[in-house]
Amino acid sequence: MLPEELQERLQQKIAAAPRPRELAIDVMFAVQTHYGFLSDAALVEAAVMLGMTPLELEELATFYDFLYRQPVGRFVIHVCDGVVCWMFHEGSVFDYLCQKLGVCAGQTTADGVFTVLPTACVGFCDHAPAMLVNGVPYGPLTPESIDRILEKLRTEYCDLVVCR
Amino acid sequence: MNSLPEPILLRNRREDRPATLDEYRASGGYEALAQAIKQYTPRQICEMVKDSALRGRGGAAFPAGLKWLGVKEDAPHPRYIVCNTDEMEPGTFKDRVLVDADPHQAIEGSILAGYAIQAQRGIIFIRPSYEQGAQLLERELEVARQAGFLGKNILGRDFSFELDVHRSAGRYICGEATAQVNAIMGHRPHPMKGVHMALQGLWGLPTLVNNVETLACVPHIVRNGPEWFRGLARTETGSGTKLYAVSGKVNRPGVYELPIGTTLREIIEGHAGGMLSGGEFKACLPGGASTRYLPRQFYDLEMDYDTLKAVGHRLGTGAIIVYDQHTCFVGATLNLMEFFARESCGWCTPCREGLPYIRDLLWRIENGEGKEEFIPMLRQMAGHLAKSYCAFAPGAAEPVISLLTYFTDEVREHISQKGCPFKNVQKPRPHLWYPPEE
Ligand SMILES: Cc1cc2nc3c(=O)[nH]c(=O)nc-3n(C[C@H](O)[C@H](O)[C@H](O)COP(=O)(O)O)c2cc1C
Ligand code: SF4
Ligand code: FES
């Protein structure tokens, strides 16, 4: 169950919207941020609040990149595999990151800290190769800078920007 | 050549932070809104935009004024405007820079569009990667509201307008105007064919969708006049400046605001600091992933809509992706097709089935399994993409078509050598890494 305070806040927002359905993404983001991902139960909770069927929400949840229907780590790394970053992939950032963390695309590290997801251009092509960690952009990446970033994330508190 | 001409849209850009309301106002910000509301009828604003010859900066280059005038005076209410800040095409990042530099400019442009078509509500649609931009806009929208530029009876007149941010959860097709309308309404964002947005957009009511760069030009047009705006261009039929987003193998990737019609050579060698050392210009994609490769022979071409059209190309978004001589174009096109195949919304068959097919042919060619007959097959499949439901698939076909136009020799070399001739120069790796088998 969502905490009462969060439920109230979302319900107020929904009541104020001309049409609740407009808020489908916002509500799913909020629920996802709370639970870490959108489980079946979480999806049902969101659907009830919005007055939509779970299937109607599922249609959306499975469509978008930044809604996670499976458990993810505390940090979700969206690595850009757009064409500009690809150009700088000598010694591929993606390979390095995956090897370093011992996962392949779409997987979460055993300690539940990092999930690595390939993502289309994240809009920081002037800093290629680039990635987003919980919505915060990093680039241009090198194996050394990746080491530093991962270390920092492991040891320091980091504010969550988008989802989880 | 290195000094930038006076920027217009990026006049308030600073290294460290976005411009504040005061800074925006000090540079003339919100004067246009006051003028518009006090001196001009909504129709006059539409006419001004039409006279300025402003064309849509979101890729399709549709004349903005014509689109605005398409919302008839007796059209039903409420009406809506959408400020398209989705920008998910690989290589594009100008809208991010534009919003981050001067959020109030995007806001004023949106309000002016709202006034021009007498809309009640505006929505800024923004992608999740730009969450920082979304939060900035939300904060500054509140500032604008406090200052009386938004809300009821703006500047004491009888025009009321609300503007808010709609977050997307990230999918390229949401940038397409009709898909965006579905996305905002909370429906699965597939495009809609044959829908006339000026009549039936959001919730079946008149809706205007414009790119944020298009809207950002409007305050300047209202303040300085359409003729001034046309005069900014280097070409006869062009107008205004353009945010050229340069990326790839150049020394200074970034967004450069230049008169529209600046030549490719000037943009790359002057503003973007030339090619990275050891690199030579081989070709670029002039306007994001869904345009055609523009090879060396067009280095001195003026980068404008009509000049590119005259040589069979499109300026698209003006996101210039620069490739050097070490780039394998089969590999680059394969990367683009991976993107398009993954992002296809799946609604129609030519796109959903055709793109993976093209990707597989390119994959085989790149990996030494290519055959001569793949070339006509690629051509045919790229041709089929034109039969799709929306403009996504024809856009995806552009790199393939131009690969076959300009770089057939390179494709053939892959086939005859049974592999990528660039393998030792630069290694285009597969995207997904799998752990070595135990
Ligand atoms: C697949 C696809 C993706 C698009 N993505 C965007 C986008 O991210 N931003 C944008 O402004 N226009 C995008 N467009 C163009 C829009 O459909 C529409 O033409 C544009 O937003 C209108 O604004 P403008 O006339 O000011 O350019 C896209 C079009 C297609 C076919
Ligand atoms: S062309 Fe592609 S993106 Fe457009 S409707 Fe068809 S499947 Fe969807
Ligand atoms: S291609 Fe990687 S950020 Fe744009």
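Visitor: How far is an oxygen atom of ligand 1 from an N or O atom in the side chain of B:Asn210?
Guide: This is a predicted model: local features need pLDDT of at least 70, side-chain atom pairs count only at pLDDT 80 or more, and totals for chains, interfaces and linings use all residues. Side-chain values use heavy atoms, leaving out hydrogens and water; residues are numbered from 1 along each chain as its sequence is written, with chains lettered from A and ligands numbered from 1 in the order in which they are written. The pair is a polar contact (N or O atoms within 3.5 Å). For B:Asn210 the distance is 2.8 Å.

Visitor: How much of the accessible area of ligand 1 does the protein cover?
Guide: Accessible area comes from the Shrake-Rupley method with a 1.4 Å probe. On its own, ligand 1 has 610 Å² of it. The protein covers 89%.

Visitor: Which strand gives the most to the shell around ligand 1?
Guide: The shell holds 19 residues (a heavy atom within 4 Å). B:Gly58, B:Glu87 and B:Asn210 are among the closest. By class there are seven nonpolar, seven polar (Gly counts here) and five charged residues. With three residues, the top contributor in chain B (strands are DSSP E runs of at least two residues) is strand 4.

Visitor: Where does ligand 2 sit?
Guide: Ligand 1 takes the space of the largest pocket. On a 1 Å grid, a pocket is an open set with protein on both sides within 12 Å along at least five of seven lines, while in a cavity a 1.4 Å probe fits but cannot get out. Sitting there requires more than half of a molecule's atoms within 2 Å of the grid points. Ligand 2 sits in the largest cavity.

Visitor: How many charged residues are in the shell around ligand 2?
Guide: 13 residues surround ligand 2, with B:Cys345, B:Trp347, B:Cys348, B:Cys351 and B:Cys390 the closest. The shell has 10 nonpolar and three polar residues. The charged count is none.

Visitor: How far apart are the C-alpha centres of the two domains of chain A?
Guide: Chain A splits into domain 1 (4-61) and domain 2 (75-160), by an automatic or database assignment. Its C-alpha atoms fill a box of roughly 50 × 30 × 25 Å along the principal axes. The domain centres lie apart by 29 Å.

Note on methods: A polar contact is a pair of N or O atoms within 3.5 Å; within protein, one must be able to donate a hydrogen and the other to accept it, and residues adjacent in sequence count only if both atoms are side-chain atoms. On a 1 Å grid over the protein atoms alone, a cavity is a set of points where a 1.4 Å probe fits but cannot get out, and a pocket is an open set with protein on both sides within 12 Å along at least five of seven lines; lining residues have an atom within 4 Å of a point. Helices (H or I, at least four residues) and strands (E, at least two) are DSSP runs, numbered from the N terminus.
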